[in-house]
Amino acid sequence: MLPRTRLLRRVFEARFAVALGRSPHVEFVRVRVARVKTLLAETDLGTSDVAERSGYRHPEYLTVQFTRETGE
């Protein structure tokens, strides 16, 4: 188990944004969408399986978020 640190959420978010130039949420979505792109390009998995392997609970939300982020 990783050690816990006492860092307020807002402080973490601010430091993260300074370091990466985007919020933790935006980075989280970017990483998930990148994973979806990889799975779609390199496998023959269906939407439900891609959603599950990318951390989405519902394939419908995967579709909505993927379309919003990529325009595809």
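Q65 lies in helix 4, where helices are DSSP runs of H or I with at least four residues, numbered from the N terminus. The structure is a predicted model, in which local features need pLDDT of at least 70 and side-chain atom pairs count only at pLDDT 80 or more, while totals for chains, interfaces and linings use all residues. Residues are numbered from 1 along each chain as its sequence is written, and side-chain values use heavy atoms, with hydrogens and water left out.

With a relative accessibility of 3%, Q65 counts as buried (buried means under 20% relative accessible area, exposed over 50% and partly exposed in between, with a 1.4 Å probe and protein chains only). Apart from neighbours within four places in sequence, Q65 is in contact with V29, R32 and Y56, contact being defined as heavy atoms within 4.5 Å. Two of the residues named here, R32 and Y56, also interact through charge and ring: the charged end of R32 sits over the ring of Y56, 4.0 Å from the ring centre. The criterion for such an arrangement is that NZ of Lys or CZ of Arg is within 6 Å of the ring centre and within 35 degrees of the ring normal.

L62 is likewise found in helix 4 and is buried, with a relative accessible area of 5%. Leaving aside neighbours within four places in sequence, the contacts of L62 are V36, T47, V50, A51 and Y56. L62 and V33 are 29 residues apart in sequence, and their C-alpha atoms are 8.6 Å apart in space.

Several of these residues belong to helix 3. In helix 3 (residues 47-54), V50, A51 and S54 are buried. These residues cover an arc of only 100° around the axis, and therefore lie on the same side of helix 3; the arc is that of the directions from the helix axis to the C-beta atoms. The exposed residues E52 and R53 are carried on the face of helix 3 turned away from its buried side. Helix 2 and helix 4 (59-70) are included in what covers the buried residues of helix 3. Helix 3 is followed by G55, which has a positive phi near 90°.

Two packed helices are described by the angle between their axes and the distance between the axes. For helix 3 and helix 4, the axes come within 8 Å and cross at roughly 80°, so helix 3 is roughly perpendicular to helix 4. The contact is made by T47, S48, V50 and A51 of helix 3 and by P59, L62 and T63 of helix 4. Axes here are lines fitted to C-alpha atoms, for helices over the stretch in contact, and angles run from 0 to 180 degrees between N-to-C directions. Angles under 35 degrees count as roughly parallel, over 145 as roughly antiparallel, 65 to 115 as roughly perpendicular and the rest as oblique.

A search of the whole structure finds two aromatic pairs. F12 and F16 form a tilted pair, with 5.6 Å from centre to centre and 50° between the planes. The rings of Y56 and Y61 have centres 6.0 Å apart and planes at 55°, so this pair is also tilted. Rings of Phe, Tyr and Trp (its six-membered ring) pair if their centres lie within 6.5 Å; planes under 30 degrees apart count as stacked, over 60 as edge-to-face and the rest as tilted. Y56 is buried at 5% relative accessibility, whereas Y61 is partly exposed at 39%.

Both F12 and F16 lie in helix 1 (residues 9-20), four residues apart, about one turn of the helix. An α-helix has 3.6 residues a turn, so residues three or four places apart point the same way. F12 is partly exposed, with a relative accessible area of 39%. In the segment before helix 1, L7 is partly exposed as well, at 37%. L7 and A17 are ten residues apart in sequence and 15 Å apart in space, C-alpha to C-alpha.

E27 has its place in helix 2 (residues 24-42) and is buried at 12% relative accessibility. Neighbours within four places in sequence aside, E27 is in contact with F16, L20 and R22. In the loop between helix 2 and helix 3, T43 is partly exposed at 27% relative accessibility. T43 and H58 are 15 residues apart in sequence and 19 Å apart in space, C-alpha to C-alpha.

Terms used: Helix = DSSP H or I, 4+ residues; strand = E, 2+ residues; numbered from the N terminus.
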